[in-house]
Amino acid sequence: MAIEKIFKDDASEEKGERARMASFVGAIAITDLVKTTLGPKGMDKILQSTGRGHGVTVTNDGATILKSLHIDNPAAKVLIDISKVQDDEVGDGTTSVVVLAGELLREAEKLVAAKIHPMTIISGYRMAAECARNALLQRVADNKGSAEKFRSDLMKIAMTTLSSKILSQDKVYFAQLAVDAVMRLKGSTNLEAIQIIKKPGGSLRDSFLDEGFILDKKIGLGQPKRIENAKILVANTAMDTDKVKIYGARVRVDSMSKVAEIEGAEKEKMREKVQKIIAHGINCFVNRQLIYNFPEELFADAGVLAIEHADFDGIERLALVTGGEIASTFDNPESVKLGHCDLIEEIMIGEDKLIHFSGVEMGQACTIVLRGASHHVLDEAERSLHDALCVLSQTVNDTRVLFGGGWPEMVMAKEVDELARKTPGKKSHAIEAFSRALVAIPTIIADNAGLDSADLVAQLRAAHHKEGCNAGIDVISGSVGDMADLGISESFKVKQAVLLSATEAAEMILRVDEIITCAPRQREDRM
Amino acid sequence: MALAFDEYGRPFIILKEQDQKTRLRGLEAQKANISAGKAVARILRTSLGPKGMDKILQSPDGDVTITNDGATILEQMDVDNQIAKLMVELSRSQDYEIGDGTTGVVVMAGALLEQAERLLERGIHPIRIAEGYEMASRIAVEHLEHISKKFDFGATNIEPLVQTCMTTLSSKIVNRCKRHLAEISVKAVLSVADLERKDVNLDMIKVEGKVGGKLEDTELIYGITVDKDMSHPQMPKQIEDAKIAILTCPFEPPKPKTKHKVDIDTVEKFQTLRLQEQKYFDDMVQKCKDVGATLVICQWGFDDEANHLLMHRNLPAVRWVGGVELELIAIATGGRIVPRFQELTTEKLGRAGLVREKSFGTTKDKMLYIEHCANSRAVTIFIRGGNKMMIEETKRSIHDALCVARNLIRNNSIVYGGGSAEISCSIAVEAAADKYPGVEQYAIRAFADALDSVPMALAENSGLQPIETLSAVKSQQIKENNPHYGIDCNDVGTNDMRQQDVFETLIGKQQQILLATQVVKMILKIDDVISPSDY
């Protein structure tokens with residue numbers, strides 16, 4: 001009798017070399033997929049969803065691409081996961097992290113083929129990663145002291161981030177926009193406070209940052225369209241029919257007249273509520289929930305601007321900018337904090353009417369209005385801007401800055417190479433491999449730009465042999481250039497996260513020597 | 001399949017649907033069972049030791065787990081064979097009882113089965129083998145007691161504990177910062193341990209994880225973290241000297257359990273009901289305020305109105321807090337869980353030195369830290385790491401380390417690791433074997449051989465020559481009569497485990513041997529397998 005099968009039907013098991021091969025192949029395939037989007041001359045991908053409508057997304061954001069893929073290979077899933085975490089944690093470098101992890105695995109594959117044990121490779125990679133991080137730490141620039149220099153750092157970072165995206169045409173403009181928006185946050189990383197409104201039409205250049213706050217809502221009929229020196233009450237309360245919340249309550253009447261009476265009482269209740277609200281001495285009322293016609297009419301009579309159905313985010317932001325509190329009861333008007341702003345008016349962007357609050361008290365929140373030719377452009381523009389905003393807000397907290405354009409990779413590669421030369425034993429092969437994987441990133445950037453990567457990287461390596469060199473790849477002119485002069489910078493935090501999580505992921509995949517796949521859960525066919 | 005025949009050779013029908021079943025009996029059944037058990041052990045064999053490899057497990061829903069924790073691998077493996085299921089159970093019971101050594105126990109059982117197979121082929125009765133194993137396991141356990149060492153530790157001297165936890169962690173992916181994690185685990189266990197009673201309630205240690213950051217950022221929080229934020233965005237984000245009201249009743253009008261209806265038929269009734277309703281909310285909030293609470297933690301949701309009233313009266317609140325967390329908060333802050341507003345009193349409030357909200361990353365991800373609690377007996381280990389699988393694996397590793405630390409507090413005897421204890425037991429069992437007359441002698445000797453398989457697997461996984469290394473260590477142990485020599489997995493240069501500070505708990509090792517023997521005995525006793533054939 002042969003060895004029993006110990007798994008359930010359909011479950012599969014892959015061992016040793018085969019398992020390792022499966023995970024290498026999966027990871028490298030994912031890397032090759034996103035590789036071409038890296039760098040300023042990276043290409044975009046079209047993603048078509050399988051859902052209804054077959055919606056199309058055009059993007060070169062690594063996290064977005066990987067998120068939309070349906071992957072079966074477990075190693076590939078690890079890579080997708082690190083990219084997602086990178087997106088959540090620092091916002092940018094989502095492609096780089098996958099590419100670096102993939103390159104590390106590609107190098108590891110060669111080492112494994114040369115009969116070096118995965119554990120040896122891992123310990124080599126660990127030493128190399130530590131050394132690379134220290135190399136970066138030594139060369140990091142920190143301009144926390146001077147506000148002006150720091151601002152220019154931020155500008156450079158924003159421009160570098162944006163240059164690989166669809167916004168690269170107007171990167172100076174958008175970088176300015178992003179830096180302004182982030183500086184208003186004053187160190188908080190709460191990007192919720194920056195609202196991005198997308199309106200198709202016009203060109204990307206017509207996008208603007210608004211100091212005040214724009215609410216994508218209409219003003220109720222018959223109410224003033226322009227209020228100066230507004231006192232705003234931000235509320236979250238039912239303004240349709242105020243239900244009786246006591247459980248089990250119901251209306252039971254025995255005649256029509258009683259119905260009318262109760263209806264009257266209900267109306268009276270609403271009228272009282274409106275009176276109470278108006279008694280706060282306000283001239284603008286913003287509610288998260290619906291406002292029915294009756295109370296709206298009452299507000300209009302009192303000359304109060306009433307805005308209904310502002311969503312959760314809108315309410316929170318509005319409360320943040322105007323300094324008012326979100327109210328749900330209205331019995332003690334003296335203690336409710338009202339929001340203030342100088343001017344509320346209806347404005348037109350494209351064909352839509354929006355409500356614009358300007359001259360607000362607290363400058364923390366702001367609105368960016370994006371204009372563009374199509375929805376796809378706008379979506380991609382939003383993603384790009386989001387990346388830039390994330391990076392900037394992280395940089396405000398951790399002000400250390402590095403040069404870009406492959407400079408950090410070359411610096412790390414150089415140090416790691418040194419280490420490899422000093423390390424005895426098989427580990428040194430792994431360390432060397434790590435440095436090769438690092439160099440792969442500038443190579444890919446150059447390749448994507450259609451440049452002679454072999455030549456450029458060799459030049460770059462030679463340039464980096466000198467101490468304190470700032471050389472990196474200048475994709476625009478297609479040569480090696482001084483990154484300080486070109487103003488290409490990246491945030492240290494992003495680079496560090498890329499380095500650490502890529503190494504961690506590679507290590508994780510390398511340690512595996514067996515893949516056990518359970519039988520897929522049977523789903524009933526919903527055809 | 002047929003069980004019995006009449007004189008013409010026609011089968012009797014004895015079992016229900018007899019012709020659809022298959023039957024294995026005698027030696028064949030035992031061999032089939034043994035090969036299934038061995039197959040499971042073989043899967044885990046490569047995960048043993050500091051240089052052990054990981055496995056990727058893909059669940060039926062396509063989720064990926066990467067681990068080298070024996071219990072987790074077996075649990076998720078979706079095994080069909082009954083004997084293989086016994087092995088899974090074996091690893092699980094080691095996990096429940098000890099928490100660590102889940103891989104070792106399966107490898108041990110696999111080795112015992114392998115040895116038994118050889119003895120069966122020689123014609124030794126399975127029951128005699130089982131009895132021999134039983135005797136041998138008793139010898140081994142006694143011998144372990146004999147070579148074990150007690151060591152002292154206290155609240156100030158935690159070094160021995162940390163070292164033991166490091167041995168556990170070194171076989172996991174987190175071994176990059178094992179020192180850091182081991183210290184965290186030991187401190188966590190010590191802060192909840194009852195040193196008088198020598199007991200540790202591991203429920204008091206909460207292990208939380210959040211992706212992002214790096215493994216080194218993992219921290220021990222003397223308090224509780226809750227994955228929630230304040231119910232109203234404008235409530236204060238930081239409260240010092242908080243007095244916490246812990247409620248399990250919602251800030252909503254009461255819902256009596258009995259069915260009832262409130263009929264509204266006149267205008268007056270409508271209005272009184274309305275007033276009543278407003279009063280409810282007001283009363284609830286006022287009650288909390290009256291007893292002096294500065295923070296409300298509630299298991300249920302709030303009505304919008306209640307939320308605003310709380311905000312208005314400057315009473316920060318957290319809603320939708322899970323039951324387990326609520327209990328932990330109550331323990332940590334020394335408060336009582338209050339099921340009704342009427343029962344809220346000042347004495348029932350919990351106290352915490354600092355409550356703060358902390359946000360992570362670029363998404364709107366917030367957590368609530370409750371620190372400097374009145375009763376610091378509840379602690380939280382907060383894990384950070386590059387990706388989800390890493391966090392999950394770290395959680396499992398920390399769990400193992402916590403269990404080890406707990407076992408040491410219960411019983412502070414240790415044996416040296418690196419396979420040294422197994423080798424020493426093997427020598428002792430081998431020596432004892434000669435004293436037994438009868439067939440059991442062979443079984444006892446086989447047991448000694450099986451014990452060797454653990455250090456052998458260790459050596460194999462570390463890339464050493466298994467047979468050469470093992471025999472060298474064994475002869476060294478006998479020559480110098482020193483049970484501390486083991487396999488030098490990390491290439492440190494010495495194989496004295498005392499110098500390498502590699503040790504494991506005595507009860508863990510004893511349990512491994514006992515459990516493995518028990519399961520093997522059970523498998524050996526089966527001589528007939530009747531299974532419904534495939535339909």
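Predicted model: local features only at pLDDT ≥ 70, side-chain atom pairs only at ≥ 80, totals over all residues.
Me: Where is Ala306(B) found?
Reply: In helix 9 of chain B, residues 304-312. Helices here are DSSP runs of H or I with at least four residues, strands are runs of E with at least two, and both are numbered from the N terminus.

Me: Is Ala306(B) buried or exposed?
Reply: Buried, because its relative accessibility is 0%. Buried means under 20% relative accessible area, exposed over 50%, partly exposed in between, using a 1.4 Å probe and protein chains only.

Me: What does Ala306(B) touch?
Reply: Phe251(B), Phe281(B) and Val285(B), not counting residues up to four places away in sequence. Contact means heavy atoms within 4.5 Å.

Me: Switching to chain A, which residues are in contact with Thr161(A)?
Reply: Asp92(A), Asp387(A), Ala388(A) and Val391(A), leaving aside neighbours within four places in sequence. Thr161(A) sits in helix 6, residues 147-163, and is buried at 8% relative accessible area.

Me: What about phi of Asp241(B)?
Reply: Positive, about 50°, although Asp241(B) is not a glycine. Asp241(B) lies in strand 10 of chain B, residues 238-247, and counts as exposed because its relative accessibility is 59%.

Me: And Asn481(B), where does that lie?
Reply: In the loop between helix 14 (466-480) and helix 15 (497-500) of chain B. Phi of Asn481(B) is positive too, near 50°, and Asn481(B) is exposed at 68%.

Notes. Residues numbered from 1 in each chain as written. Chains lettered and ligands numbered in written order. Heavy atoms only, no water.
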